[in-house]
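Have a look at the structure first, then read on.

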Amino acid sequence: MQFEKEEVYILERYWKLYPELSKQPREELGLIALSVVDGISELYETLNDDYKKLVEMRYWSPESCYEFVEIADELYVSRIKAIRMRDYLIAKTAKAVHFI
């Protein structure tokens, strides 16, 4: 599934906001935030180690947003493969958070 650039930005933003949102009391979260927290929590548990590493480096790292070349080097894959992994993750995220 292909997403527009703006949609990818929104879905990646969900991953970046997840650590902060997941710490808030559920009662204080709106419906969209609850959907994001629940969807990403469930999805993250199903990811293999390479995808978890991608998430940690790209979205949750204190250095904030490693480039795909750096992620590819860490995972011993090509830059194109790292981008395809991100695309797969974005598609799974869209379904998990009921974006599509």
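This is a predicted model: local features need pLDDT of at least 70, side-chain atom pairs count only at pLDDT 80 or more; totals for chains, interfaces and linings use all residues.

Axes here are lines fitted to C-alpha atoms, for helices over the stretch in contact, and angles run from 0 to 180 degrees between N-to-C directions. With that in hand, take helix H1 (residues 5–23) and helix H3 (residues 49–60): they pack at about 85°, and their axes are 9 Å apart. Angles of 65 to 115 degrees count as roughly perpendicular, so H1 and H3 are roughly perpendicular to each other.

Who makes the contact? Here's the split by helix:

| Helix | Residues in the contact |
|---|---|
| H1 | Glu12, Trp15, Lys16, Tyr18, Pro19 |
| H3 | Val55, Arg58, Tyr59, Trp60 |

Sorted by class, that contact of H1 with H3 has six nonpolar residues, three charged ones and no polar ones.

Now for H1 itself. Its 19 residues reach 28 Å from first C-alpha to last, close to the 27 Å expected at 1.5 Å a residue. H1 does have a kink, though: about 50° at Leu17, shortly before the proline Pro19. Buried residues in H1 are Val8, Leu11, Glu12, Tyr14, Trp15, Tyr18 and Leu21. What covers them includes H3, helix H2 (31–46) and helix H5 (79–96).

Over in H2 you'll find Gly39. Is Gly39 buried or exposed? With a relative accessible area of 4%, Gly39 is buried. Setting aside neighbours within four places in sequence, Gly39 is in contact with Ala96 and Val97. Met85 sits 46 residues away from Gly39 along the chain, and their C-alpha atoms are separated by 18 Å.

Key: Residues are numbered from 1 along each chain as its sequence is written. Side-chain values use heavy atoms; hydrogens and water are left out. Helices (H or I, at least four residues) and strands (E, at least two) are DSSP runs, numbered from the N terminus. Angles under 35 degrees count as roughly parallel, over 145 as roughly antiparallel, 65 to 115 as roughly perpendicular and the rest as oblique. Contact means heavy atoms within 4.5 Å. Ala, Val, Leu, Ile, Met, Phe, Trp, Tyr, Cys and Pro count as nonpolar, Asp, Glu, Lys and Arg as charged, and the others, Gly among them, as polar. The expected span of a helix is 1.5 Å times one less than its number of residues. The bend at a residue is the angle between axes fitted to the seven residues ending there and the seven starting there. Buried means under 20% relative accessible area, exposed over 50%, partly exposed in between (1.4 Å probe, protein chains only).
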